[in-house]
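Let's take a look at one protein model together. Have the sequence and the 3D view handy as you read.

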Amino acid sequence: MKMIVGLGNIGPQYQGTRHNTGFMVVERFADKAGLSFSTRKMEAKLASGQVNGEKVLLVEPETFMNESGRAVGALAHFYKLETSDIIIVQDDMDMTVGRIRLRAKGSAGGHNGIKSIIASLGTSEFDRIKVGIAHPSKANVVNYVLGKFTPDQQIDFDNAADHAVEALFDWLDEVPMTELMNRYN
């Protein structure tokens, strides 16, 4: 089984915001894979099924971003998953909108959701897809990440989200991470 986790904040007030990039990408993946979020378990919304012959669990933690590790850790433990079976989709302010970057491991880079997951799993050795949301030039960071993309940014985000979905399908097909990084970064 493979677990794909999208990071975001719960609640209608956060829907479509930059910080919910992970949710938006995973929902787009679910649509393409014919899966729907119909279950709640261990503080997360879940979708599951077979994709390209692989059992897949899609996860949207129902905690706020800073506590994402509670759901990820509990589900990884319950399903006895190795970290090599987990990929996290997150927003990244250090990249321009429209860019994605895959990583096999690494620090949290200031992302509180990733910090929580590292603490919960006890390691930073898990795959990630980072989707750029850009850094606000003068705006308050909290207001910026909890705001929505401008119309121009939305076009770039949609392209990046499509590439991230393609990368997820390739990841499920067990394309090595080094090859995925060369292909998508």
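## Phe 64 and its neighbours

Skip the neighbours within four places in sequence, and Phe 64 is in contact (heavy atoms within 4.5 Å) with Gly 8, Asn 9, Ile 10 and Tyr 14. You'll find Phe 64 in the loop between strand E4 (54-61) and H2; helices (H or I, at least four residues) and strands (E, at least two) are DSSP runs, numbered from the N terminus. Phe 64 counts as partly exposed because its relative accessibility is 44%, and that label sits between buried (under 20% relative accessible area) and exposed (over 50%), using a 1.4 Å probe and protein chains only.

A quick word on the model: it is predicted, so local features need pLDDT of at least 70 and side-chain atom pairs count only at pLDDT 80 or more, while totals for chains, interfaces and linings use all residues. Residues are numbered from 1 along each chain as its sequence is written, and side-chain values use heavy atoms, with hydrogens and water left out.

## Over to Asn 112

Asn 112 is found in helix H3. Its contacts, again leaving aside neighbours within four places in sequence, are Met 65 and Asn 66. With 36% relative accessibility, Asn 112 counts as partly exposed.

## What the record says

Which residues does UniProt give the feature "binding site"? The unreviewed entry lists Tyr 14, Phe 64, Asn 66 and Asn 112. UniProt positions follow the numbering used here, feature names are shortened, and annotations may be inferred rather than shown by experiment.
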